[in-house]
Amino acid sequence: MSATASFQVPTALGPRDVTVSYARVGRGAPLVLLHGIGHHRQAWDPVVDILATEREVIAVDLPGFGASPALPGDLAYGLATTNTVLGALFGQLGLDRPHVAGNSLGGLLALELGREKAVRSVTALSPAGFWTEAERRYAFAVLLAMRGIAQRLPLPLVERLSRTAAGRTALTSTIYGRPGRRSPEAVVAETLALAGATGFDATLRAGITVRFTDDLLGLPVTVAWGSRDRLLLRRQGVRAKQLIPHARLVRLPGCGHCPMNDDPALVARVILDGSRA
C-alpha cells in the first residue's frame, strides 16, 4: 500500500524535513527496493508480488523522483545525502539493517549502504559507478537524451505509442531488453516520471565524479547484469567483480538495464537468493 514518511535528517545547517513516498507489502525479513535515476518505485512492480511471498517488501521513491518531493533546497543530491535520508527512513519505518536491492543508481546506493554496514545484504542490478570516464559520458548522454524526449513528447502521443509493441520499443528499448513486454500503462507512467523528476538534473551532476572503490568485506553481495544492457555495458559487471572479489556475479540473459520487467522470475530469484546468504 502506498504511503509517505516524513522525518528530519541532520545536516551541517541543522535538521531538515524530508518526505519520502513508499509502498510496503508482504511478510518476512524486510527488503528495501531502490530504483534508478529518472525512474520510480513502480519499476519493481513485476517482481514485488514474487518477493512478497518471502519478504516484507518496501519499494521506495527516491527524493525528487516518483511521488517523493524534492530535497530541501540547501541539501545536495549526492551519495552522502541520499544515504543519510535512507538511513533516517529506515529508522522511521522501524527497519533494522534490512536487505536491500537496487537498480542502476539504486544499485550504487545499495552498495554504499552496504559500505556503511546499514544493511544485511546487497543485490545490485546493473549498478552505477563501475564505468570508465568514456562509459560514464556515454551513459549520461543517453540519459539526457531520454529525459529531453520525455519532456518534449505530448502526452497523447506517448499514449498512442504505448498501445503498440513497436511504440513501446521506440520509447523504452534503451532500458529494457524486451520492451514489448512492458504494459502500455507502465510505459506512459514511467515516461511521465522521467519528464517530471525534480531531482534528475542535480542527481546526474552529482554522479560525474562517482566511482565505486570498496570491496564490502563481510557483507553478502550479489551483482547482476543484463546481457542486453545498452546503458551501462555488461563489461562493467566484470569490473565490479574485480573490485568486490567475494561478490556473486550473475548474468541475466535477454535482460536490459532494468531487468525486472524482462524476466521477473529470474530477477526475483536472484534477489531472494542474495538475501538468503
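In which strand is the place of L125?

Guide: This is a predicted model, so please read every value below as computed from it. L125 sits in strand β6. That strand covers residues 122-125.

Start with the residue itself. L125 has a relative accessibility of 1%, so it counts as buried; the cut-off for buried is under 20%.

Now look at what surrounds L125. Setting aside neighbours within four places in sequence, L125 is in contact with W44, G102, N103, S104, A224, P259, M260 and V267. L125 and G36 are 89 residues apart in sequence, yet their C-alpha atoms are 9.8 Å apart in space.

W44 deserves a stop of its own. Beyond its neighbours within four places in sequence, W44 is in contact with L33, L34, H35, A101, G102, N103, L125, M260 and I271. W44 also belongs to the largest nonpolar core, which has 83 residues. W44, L33, L34, L51, V60 and L111 are the residues with the most contacts inside that core.

Step back to the sheet. Its 8 strands are open and mixed in pairing, in the order β1-β2-β4-β3-β5-β6-β7-β8. In that order, β6 stands between β5 and β7. The edge strands are β1 (2-9) and β8 (248-252), each pairing on one side only. On average, neighbouring strands are turned by 25° against each other, direction ignored.

Strand β7 covers residues 221-226 and runs parallel to β8, with 5 bridges joining the two. W225 is opposite R251 of β8. Helix α10 (residues 264-276) packs on this sheet. Helix α10 touches β3, β4 (55-60), β5, β6, β7 and β8, and its direction makes about 170° with that of β8.

Strand β2 (residues 16-25) pairs with β1 in the antiparallel sense over 8 bridges. A5 faces V20 in β2. The two strands form a hairpin with 6 residues between them. In the turn, G14 has a positive phi of about 110°. Strand β2 is also joined to β4 by 4 bridges, and these two run antiparallel. There, Y22 has V60 of β4 as its bridge partner.

Return to β6 and look at a helix lying over it. Helix α3 (residues 105-115) lies across β3 (29-34), β5 (99-103), β6 and β7. Helix α3 runs at about 150° to β5. L108 is part of α3. L108 has a relative accessible area of 3%, so it is buried. Apart from neighbours within four places in sequence, L108 is in contact with L79, P127, A128, V210 and F212. L108 and L157 are 49 residues apart in sequence, and their C-alpha atoms are 34 Å apart in space.

Two loops are worth a visit. The loop between α3 and β6 holds K117. K117 is not a glycine, yet it has a positive phi of about 60°. K117 is partly exposed, at 42% relative accessible area. The other loop runs between α8 (200-206) and β7, and L216 has its place there. L216 also has a positive phi, near 50°, in a residue other than glycine. L216 is buried, with a relative accessible area of 2%.

Finally, the whole protein. The protein has 10 helices and 8 strands. Of its 277 residues, 54% count as buried. Among contacts with a separation of 6 or more, 71% come from residues 24 or more positions apart. The C-alpha atoms fill a box of roughly 45 × 40 × 40 Å along the principal axes. A compact globule with 277 residues would have a radius of gyration near 19 Å; the protein has 17 Å, which agrees. The accessible surface comes to about 11300 Å², and 56% of it belongs to carbon and sulfur atoms.

To finish, go back to where we began. L125 is in β6 and is buried. W44 is one of its contacts.

How values were computed:
Residues are numbered from 1 along each chain as its sequence is written. This is a predicted model: local features need pLDDT of at least 70, side-chain atom pairs count only at pLDDT 80 or more; totals for chains, interfaces and linings use all residues. Side-chain values use heavy atoms; hydrogens and water are left out. A nonpolar core is a set of buried Ala, Val, Leu, Ile, Met, Phe, Trp, Tyr and Cys residues joined through side-chain atoms within 4.5 Å. Buried means under 20% relative accessible area, exposed over 50%, partly exposed in between (1.4 Å probe, protein chains only). Contact means heavy atoms within 4.5 Å. Two strands pair if DSSP finds at least two bridges between them. Axes are lines fitted to C-alpha atoms, for helices over the stretch in contact, and angles run from 0 to 180 degrees between N-to-C directions. The radius of gyration is taken over C-alpha atoms; the globule rule is 2.2 Å times the number of residues to the power 0.38. Accessible areas come from the Shrake-Rupley method with a 1.4 Å probe; for residues, only the protein chains shown count as cover.
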